[in-house]
Amino acid sequence: LKVNQPQMIMNGGEKIVEPLLNAFKDRDSEIANRASECAIIFDQPEYQEFLCRLVIEQEHPIARQVALKAQYAPREPSQRALFYFLTEQWDKYETLDYEHSLLEKVYELSDEKLRKQIAEKVKQSGRAAWVQIIAGGRKVQRLEKLTDAEWDITLNVLSNNKQWEEMW
């Protein structure tokens, strides 16, 4: 970065992504600026995918900032839906997963940490339609498996939206 050789970085493989993101915070403004420039022009899909995984799996704030600015998104549809949802790109999410089936499947197969992230976004959004993601779809397949926290989010969102019939 200091000698302005971005091609060396671009050929470094996935292992270069995290150090490059760390360079955003370098005290040398020249290095920080060049790191930012390099991250925005990742032309290799595997770099973009890795960056999006950092956002999904680690809630990495700099990776999120770069991915949003460069408009990166995972290629696989369910991961793209999850990425759009977690990064609050609501229009893109709704266009891709208007029936919420992709995100419901991700939620069903996820570990507890990711489920909490998704549930928190449902809660923050306050959108009653998204309660289905937690409950297991229109057929509410997961009701017997909901945790206390999931019930709390579900009932609060439905109550706030005056969805009394849906609550019952």
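Figure 1. Glutamate 30 and arginine 34 both belong to helix α3, where they sit four residues apart, about one turn of the helix. The view comes from a predicted model. The two side chains meet in a salt bridge, with an N to O distance of 2.9 Å. Is each partner buried or exposed, or in between? Glutamate 30 has a relative accessible area of 32%, so glutamate 30 is partly exposed. Arginine 34 has a relative accessible area of 16% and is therefore buried, since buried means under 20%.

**Figure 2. A salt bridge between aspartate 28 and lysine 2.** The side chains of these two residues, aspartate 28 and lysine 2, meet at 2.6 Å, N to O.

**Figure 3. A salt bridge between lysine 121 and glutamate 88.** The closest N and O atoms of lysine 121 and glutamate 88 are 2.6 Å apart. This pair links distant parts of the chain, 33 residues apart: lysine 121 lies in helix α9 (residues 112-125), and glutamate 88 lies in the loop between α6 and α7 (90-96). Lysine 121 counts as buried, at 14% relative accessibility, whereas glutamate 88 counts as partly exposed, at 35%. Elsewhere, salt bridges that share partners join Lys2, Asp28, Glu30 and Arg34 into one network. The count of salt bridges comes to six. Side chains of opposite charge can pair when their charged atoms come close.

**Figure 4. The packing of helix α6 against helix α8.** Two packed helices are described by the angle between their axes and the distance between the axes. For helix α6 (residues 77-86) and helix α8 (residues 101-109), the angle is about 90° and the axes are 9 Å apart. Angles of 65 to 115 degrees count as roughly perpendicular, and α6 and α8 are therefore roughly perpendicular to each other. Which residues make the contact? Helix α6 contributes Pro77, Ser78, Ala81, Leu82 and Phe85, while α8 contributes Leu102, Leu103 and Val106. Of the residues in this contact between α6 and α8, seven are nonpolar, one is polar and none is charged.

**Figure 5. The largest nonpolar core.** How many residues does the largest nonpolar core have? This core has 40 residues, and Leu21 and Ile118 are those with the most contacts inside it. Helix α4 (residues 45-58) gives the most to the core, with seven residues.

**Figure 6. The whole protein chain, for orientation.** The protein chain has twelve helices and zero strands. Read along the sequence, the pattern is α-α-α-α-α-α-α-α-α-α-α-α. What share of the 168 residues is buried? Buried residues make up 43% of them. Among contacts between residues at least 6 apart in sequence, 57% join residues at least 24 apart.

Definitions and conventions: Residues are numbered from 1 along each chain as its sequence is written. This is a predicted model: local features need pLDDT of at least 70, side-chain atom pairs count only at pLDDT 80 or more; totals for chains, interfaces and linings use all residues. Side-chain values use heavy atoms; hydrogens and water are left out. Axes are lines fitted to C-alpha atoms, for helices over the stretch in contact, and angles run from 0 to 180 degrees between N-to-C directions. Helices (H or I, at least four residues) and strands (E, at least two) are DSSP runs, numbered from the N terminus. Angles under 35 degrees count as roughly parallel, over 145 as roughly antiparallel, 65 to 115 as roughly perpendicular and the rest as oblique. Contact means heavy atoms within 4.5 Å. Ala, Val, Leu, Ile, Met, Phe, Trp, Tyr, Cys and Pro count as nonpolar, Asp, Glu, Lys and Arg as charged, and the others, Gly among them, as polar. A nonpolar core is a set of buried Ala, Val, Leu, Ile, Met, Phe, Trp, Tyr and Cys residues joined through side-chain atoms within 4.5 Å. Buried means under 20% relative accessible area, exposed over 50%, partly exposed in between (1.4 Å probe, protein chains only). A salt bridge is a side-chain nitrogen of Lys or Arg within 4 Å of a carboxyl oxygen of Asp or Glu.
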